[in-house]
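Thank you all for coming. Before I say anything, please take a moment with the sequence and the model on the screen.

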Amino acid sequence: MLIPLSWLKDFVDIKLPVGELAKKLSSAGLTVEKWSKDGDDFIFDTEVTPNRPDWLSVRGVAREISAITNAKFLIPNVKLKLPIKNDGKIKFKIDYELCPGFTALVINNVTVKPSSELVKERLKKVGLRPINNLVDVTNYVMWETGNPLHVFNLDSIRGGQMMLTSAKGGEQFRSLDGLDYALPAGAIIIKDLGRVIDLCGIKGGENSAVNAATKNVLLVVPIYNSTAVRKASQTLGLRSDASTIFERGADPGNTINTLLKAAEMIGGKPQEIIDLKEKEFEPWEVPASHEKIERVLGITIEPKKVVKILESLELKVSGNYKVIIPTFRNDIHIEEDLIEEVGRIIGYDNFPKTLPTAPTPTAKVAYAKDYDFEYEVKNILKGAGYSEIYTYSLVSEAQLQKLGLTGTKLLNPISKDFEYLRPSILGNLLEAIKLNQANFSDIKLFELGKQYGEKEEYWLSTIVNGEKFYEVKGVVESLLKQLGIDFKIEPDISNSLFHPGRSAVILAKSRTLGYFGEINPSLLTKFGVKGRVTGFTLDYDLLETLANKSRKYQPIPIYPPIIEDLTITISEKILVGEIMEKIKSVNKLIADVRLISTHERSFTFRITYQDKNKNLTDKDVEPIRKKIASLTPRGH
Amino acid sequence: MQEKLINIKNEALAQIINARDSQELEKLRIVYLGRSAGKLTSIIRGLPKLSDAEKSVIGRFANEVKKIIEDSLASQELLLRDQKSQNITETEWLDVTLPAIYPPVGHLHALTKVTHDVLNIFKSLGYQVADGYEIESDYYNFTALNMPPDAPSRDTQATFYVGEKILRTQLSGMQVRIMEKTPPPMRVVIPGKVYRVDDVDASHSFEFWQLEGLLIDKNIKMTDLLGTMEYVLKKLYGEKIKVRFDATYFAFVEPGVQAFISCTICKQKGCSFCKGTGWVEIMPAGMVHPNVIKAGGLDPKKWGGFAFCIGLSRAAVLKYQIDDLRILTNPDLRILKQF
């Protein structure tokens with residue numbers, strides 16, 4: 001919000017240099033984003049937090065300045081005095097749920113003309129366009145007091161009646177700037193005889209707007225239900241300076257003063273004030289204890305300083321402490337709110353800095369996650385030459401189609417590129433390969449992130465370019481072994497993302513831990529990836545569960561092993577891995593079976609026999625050797 | 001006989017000293033000490049034929065000679081090896097400036113590094129680490145955090161909807177979830193991804209990473225929060241940075257505070273990243289609102305504490321002087337290799 005320094009000076013003495021004042025305001029919670037010179041004036045551009053409607057006004061900011069600079073805050077008296085009386089000339093019917101307060105005034109014989117130079121200049125400084133004295137006064141007084149006003153052309157109100165109610169939905173409404181809206185249900189509206197004449201708190205209607213020929217007006221200072229204004233404003237995508245204030249809550253205790261200030265500026269013949277409300281708007285009391293203020297802030301402070309701070313904010317303090325909260329501070333309802341007032345006026349930069357002295361809690365927190373393990377896993381992949389990427393969880397429908405998968409769709413995506421929660425990380429990895437293939441011949445990438453199906457799960461996925469089945473198998477096996485996970489690898493055709501003849505499933509504790517292999521060539525074409533691509537994908541949550549970090553030292557064998565090579569011919573389609581498993585399970589003395597060379601379907605295995613308790617002799621090995629040979633008919 | 005031995009010794013030593021390589025030395029060893037026809041071996045083998053008196057004298061001397069020849073062979077071998085190693089400067093020269101053959105080199109992402117750094121700082125302060133759901137209920141993301149359905153403060157966090165649920169706009173919902181299930185006191189940080197409906201540009205994104213922190217204990221003070229924030233920020237960005245605190249408002253804390261650090265990119269000279277102010281908004285925080293403590297199932301009269309948030313994306317950007325948030329989600333290896 002734009003606030004000119006000169007306007008503030010109507011209410012408070014300002015001696016501080018502008019930069020310093022801006023810094024102090026920011027420190028107290030009213031952020032001054034920037035300030036700029038405008039002739040011999042300065043304009044502050046403030047960002048107001050949603051709890052402070054009072055700061056959406058020149059007077060509210062002036063009040064804050066008086067508190068933080070110890071300067072006097074004074075609102076000049078309005079000279080105009082008018083009696084309060086509902087004269088019944090207009091028949092009002094108000095829904096007080098929607099409008100707890102409705103202060104209005106008929107002014108006859110107004111003269112529509114340009115505003116004074118001061119008003120025009122100030123409106124321009126805050127980014128508003130001067131129109132005529134009537135419209136300008138409502139804007140000017142709203143900016144100054146924080147109470148939005150509206151002015152109706154009294155003679156255009158049909159039937160002498162105004163009914164304030166909520167829209168049923170679908171009513172047509174043309175705003176005073178000539179735009180047509182279909183009103184959302186629940187929006188606060190005023191109807192005269194058969195017409196909607198005001199979209200309350202947001203925009204006035206064209207049919208009741210003042211114009212150059214207006215003679216008599218109805219000036220209103222309403223208090224509207226914040227939620228109703230906010231909802232209508234959101235549904236319509238239509239915000240105004242007034243709606244911004246109403247959403248946060250306009251000051252119900254200041255409607256008459258606001259009305260008088262505006263009436264005084266408009267001139268003409270004001271009638272009697274109509275002040276409609278169901279009940280009075282009373283200030284409320286919030287107690288606070290000095291002990292708690294000191295305990296929560298962690299500082300010692302004189303009680304009289306506390307009183308001084310609260311009173312500088314126009315809160316009334318009695319005893320230790322009963323604090324009366326004025327109607328313009330609807331953000332203060334509990335003791336903590338008062339503690340904040342004391343803290344922020346002192347300024348947190350002036351606080352000592354301490355660390356909690358309580359002993360460190362040792363009970364494990366709920367939802368705990370082992371990020372050291374994650375870091376270890378990532379470092380293993382880094383050591384294997386892989387680079388880590390972070391990609392968006394939101395992906396396009398086009399990517400899902402290429403993958404042949406379905407995803408969870410957002411109800412309100414920002415664009416076609418980011419419409420779905422990804423069901424697989426592999427899509428983004430393939431896009432990453434495509435991005436890099438022009439610049440790099442050797443691409444190795446991984447991402448550890450969430451995939452979203454029935455529930456959200458962490459998956460660890462990698463991708464490398466090239467025909468590198470056994471290299472990738474080595475990386476995944478090495479990773480699992482370093483993590484202490486027992487696993488089994490079996491041929492697999494169930495995962496459509498992978499090449500049906502060149503992929504495998506990784507099983508651990510008879511659960512599916514993941515898949516690896518070449519990516520299905522049909523995907524590569526769709527993603528525009530050249531050559532072959534290999535990768536693996538692991539259920540990371542399961543990986544973390546299965547990882548076994550405990551290690552037990554095994555003494556180095558003292559007796560030498562017997563090592564011998566054995567060549568076996570294995571017929572087509574018999575899985576070599578299974579043969580090796582079979583060899584290994586022949587006898588406990590077989591410590592290791594390793595494939596050392598291959599010629600067509602002849603495989604030479606190096607077999608290590610080892611007994612940790614004695615020297616092995618050929619006699620010991622002979623029967624085992626025979627048994628291995630008997631596993632395949634042509635073993636030798 | 002003794003004379004013969006002396007001659008053999010002298011002859012052997014002379015030849016050994018002149019030997020130029022190991023093969024020559026091995027030949028000499030065979031000539032003198034060879035098992036079948038070595039000159040010295042023959043003599044030793046002839047010993048039994050000698051008289052007993054000669055046997056002991058010659059025998060001992062022959063063994064001495066044998067030892068001298070052996071030692072001489074060994075020392076010459078060493079000498080030759082030494083000479084050879086001097087020569088390899090010439091004979092085995094390599095061009096050390098030719099390009100190296102690298103082991104596989106991978107790279108952790110900037111965000112992983114920053115997250116790791118931040119977590120280590122908090123672990124040193126006794127915080128544990130937790131993880132939450134990205135697809136969250138409106139209740140935990142807003143209502144439980146003192147942001148009822150009509151709260152205007154919700155408008156500052158434009159939300160993506162997924163069926164009945166939402167994509168979390170902040171990690172603060174985990175404050176309540178963790179309080180519900182953890183016996184107090186507790187200290188916990190939660191890193192993770194959050195979502196807001198926002199257009200993508202150099203400083204905005206619809207997905208970004210944050211770290212939420214919560215401390216619940218008895219008699220926790222505002223000064224503890226300020227001290228914790230200052231400690232963490234200085235650990236992360238260096239002792240030299242300046243830290244500033246402004247009062248601010250978040251529905252789920254009271255009082256609320258925002259920490260700023262002096263801009264690490266322009267050193268407070270003013271740049272586009274700090275919008276010319278020299279200060280960067282870095283860590284919103286506050287004392288946990290009594291309503292939030294209640295939502296977590298604890299008694300606000302007994303328990304209190306503070307909560308804070310660090311923008312991890314922003315922390316990475318500041319730490320590595322990255323001028324565009326989109327760099328963090330770009331999988332171009334030319335970027336990844338820099339970290």
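I will go through the contact between the chains, the cores, some helices and strands, and then a few backbone details.

First, the conventions: this is a predicted model, in which local features need pLDDT of at least 70 and side-chain atom pairs count only at pLDDT 80 or more, while totals for chains, interfaces and linings use all residues. Residues are numbered from 1 along each chain as its sequence is written, and chains are lettered from A, with ligands numbered from 1, in the order in which they are written.

Let me begin with the contact between the chains, where two residues are in contact if their C-beta atoms, placed from the backbone, lie within 7 Å. Chain B contributes 75 residues and chain A contributes 75 residues. On the side of chain B that touches chain A, the most is given by helix 8 of chain B, residues 222–237, with 8 residues; helices here are DSSP runs of H or I of at least four residues, strands are runs of E of at least two, and both are numbered from the N terminus. That side of chain B divides into 37 nonpolar, 18 polar and 20 charged residues, with Ala, Val, Leu, Ile, Met, Phe, Trp, Tyr, Cys and Pro counted as nonpolar, Asp, Glu, Lys and Arg as charged, and the others, Gly among them, as polar.

Now to the cores. A nonpolar core is a set of buried Ala, Val, Leu, Ile, Met, Phe, Trp, Tyr and Cys residues joined through C-beta atoms within 7 Å, and a residue is buried if 20 or more other C-beta atoms, placed from the backbone, lie within 10 Å of its own, exposed if 12 or fewer, and partly exposed in between. The largest such core has 229 residues, and those with the most contacts inside it are Ile188(A), Val217(A), Leu219(A) and Ala259(B). Apart from this core lies another, of 13 residues, including Ile8(B), Ile43(B), Ile58(B) and Leu73(B).

One of those residues, Ile58(B), is also among the buried residues of helix 4 of chain B, as are Val65(B), Ile69(B) and Leu73(B). Helix 4, residues 52–91, has 40 residues and reaches 56 Å from its first C-alpha to its last, close to the 58 Å expected at 1.5 Å a residue, the expected span being 1.5 Å times one less than the number of residues. Helix 4 of chain B bends by about 25° at Ser85(B), the bend being the angle between axes fitted to the seven residues ending there and the seven starting there. The buried residues of this helix pack against helix 1 (2–18), helix 2 (22–33) and helix 3 (39–46) of chain B.

What about helix 7 of chain A, residues 241–248? Of its 8 residues, 7 are buried, so helix 7 is largely enclosed by the rest of the structure. Its buried residues pack against helix 5 (133–145) and helix 6 (226–236) of chain A, and just after the helix Gly249(A) takes a positive phi of about 110°.

Turning to strands, strand 6 of chain A, residues 150–153, is covered on both faces, with His150(A) and Phe152(A) buried on one side and Val151(A) and Asn153(A) buried on the other. Strand 6 pairs in the antiparallel sense with strand 13 of chain A, residues 217–223, over 4 bridges, where pairing requires that DSSP finds at least two bridges between the strands.

In chain B, an open sheet of 3 strands has the order 2-4-3, with antiparallel pairing, and its edge strands are strand 2 (135–136) and strand 3 (161–162).

Finally, which backbone details deserve a look? A cis peptide bond joins Asn320(A) and Tyr321(A), with omega about -25°, and Tyr321(A) sits in the loop between strand 16 (316–318) and strand 17 (322–325) of chain A. The peptide bond from Glu254(B) to Pro255(B) is also cis, with omega near -5°, and Pro255(B) is in strand 8 of chain B, residues 253–262. In the loop between strand 8 and strand 9 (279–288) of chain B lies Gln268(B), whose phi is near 70°, a positive value in a residue other than glycine. Lys275(B) lies in the loop between strand 8 and strand 9 of chain B, and has a positive phi of about 50° although it is not a glycine.
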